[in-house]
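Thanks for making the time, everyone. I would like to walk through one model this morning, going from its overall division to a helix pair and then to a ligand site.

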Amino acid sequence: MTHDDLSLCRSLLFLPASNPRAIEKARTLGADMVVLDLEDAVKPVDKEMARTAAVEAAARGFGSSVTAIRVNSPGAWQDRDLEAVKGSAAVFAVVPRTAGRDDVDRVAAGTGKPVLAMIETAPGVLAAAGIAPATSGLIVGTNDLGASLGLRRGSSRQALTTALQMAVIAARAAGVAVFDGVYNKLDDPDGFATECEEGRLFGFDGKSLIHPNQIEAANRIFSADSEEIEAARRLIEAATGGAERFEGEMIEAMHVAQAQKLLAKARA
Ligand SMILES: CC(C)(COP(=O)(O)OP(=O)(O)OC[C@H]1O[C@@H](n2cnc3c(N)ncnc32)[C@H](O)[C@@H]1OP(=O)(O)O)[C@@H](O)C(=O)NCCC(=O)NCCSC(=O)C[C@H](O)C(=O)O
Ligand SMILES: [Mg+2]
């Protein structure tokens, strides 16, 4: 998966690069992307070991899942992360707590990899329009974002609506992919599915995940279903140009373009 087809990525499974069992398991799970985390999921005492493990894991690969490595924020850990990612087989570098374009440029220059930038602070949300063009995509970090906005842990997503929309708008304006944040409740499949549906309605291409039991639903919900595919086919066949009636609704050229895009994505 390259910069160009990143919008096909429906599931980004994060795992601590310090956890060998999770690394092994991720090889069998069918997430579209595996993000080996060197940042918040890794204890300070494990940072060096995690970096080495991430490089080794990327070298072995994750089958059909694309490999990304999330580096630490600027500082001594990040300096060593950049060097390691540069020599690794990871396809993407992920930048945490991106506050501005400089954060992306530093990681891109230090790793030589295309970058996914995490929007997870108030300054990051406000700078997203300037950050997105330097990236292959944006990932919203809803845990850090909630903390940055002063929300209580467990607050409803309603309080994040504007930030989520600003990330989607910034990514679309730059023509790059955009991914929703994680769902922390590990044993709540219904709540997780509802949040995936909401993310899709908001315009996200896919969702960040933290557990194997979230992959199937994310892959399903962020794919077009057979009903949508059939409706898109009918719309394209019926459209003759300009404003016209289609199955009780007005359609115009942009609806044809949307339907074509949906079919192209479904084919891919
Ligand atoms: C959250 C967890 C610590 C829960 O761990 P645990 O209770 O041990 O899980 P299970 O016992 O249910 O695990 C069952 C098996 O599945 C494997 N497993 C678990 N999680 C993963 C995973 N993410 N990838 C691959 N495999 C996984 C276990 O190893 C078990 O395997 P086995 O023993 O062989 O059967 C844990 O799920 C976890 O660490 N999740 C990822 C945490 C993480 O990466 N966090 C950083 C990103 S989240 C974030 O904060 C985004 C952003 O920055 C923000 O601010 O929002
Ligand atoms: Mg975070």
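Domain bounds here come from an automatic or database domain assignment, and on that basis the chain is divided into domain 1 (6–221) and domain 2 (226–267), whose C-alpha centres lie 33 Å apart. Please keep in mind that this is a predicted model, in which local features need pLDDT of at least 70 and side-chain atom pairs count only at pLDDT 80 or more, while totals for chains, interfaces and linings use all residues. Residues are numbered from 1 along each chain as its sequence is written, and chains are lettered from A and ligands numbered from 1 in the order in which they are written.

Now the helix pair, where helices are DSSP runs of H or I with at least four residues, strands are runs of E with at least two, and both are numbered from the N terminus. Helix α10 (residues 226–238) and helix α11 (residues 253–267) pack at an angle of about 135°, with their axes 9 Å apart; the axes are lines fitted to C-alpha atoms over the stretch in contact, and angles run from 0 to 180 degrees between N-to-C directions. That angle makes α10 oblique to α11, since angles under 35 degrees count as roughly parallel, over 145 as roughly antiparallel, 65 to 115 as roughly perpendicular and the rest as oblique.

Finally, the ligand: ligand 1 is surrounded by 23 residues, the closest being Phe14, Ala41, Gly141, Asn143 and Asp144, where a residue counts if its C-beta atom, placed from the backbone, lies within 6 Å. At least two residues of that shell come from each of β1 (11–16), α1 (20–26) and α6 (142–148).
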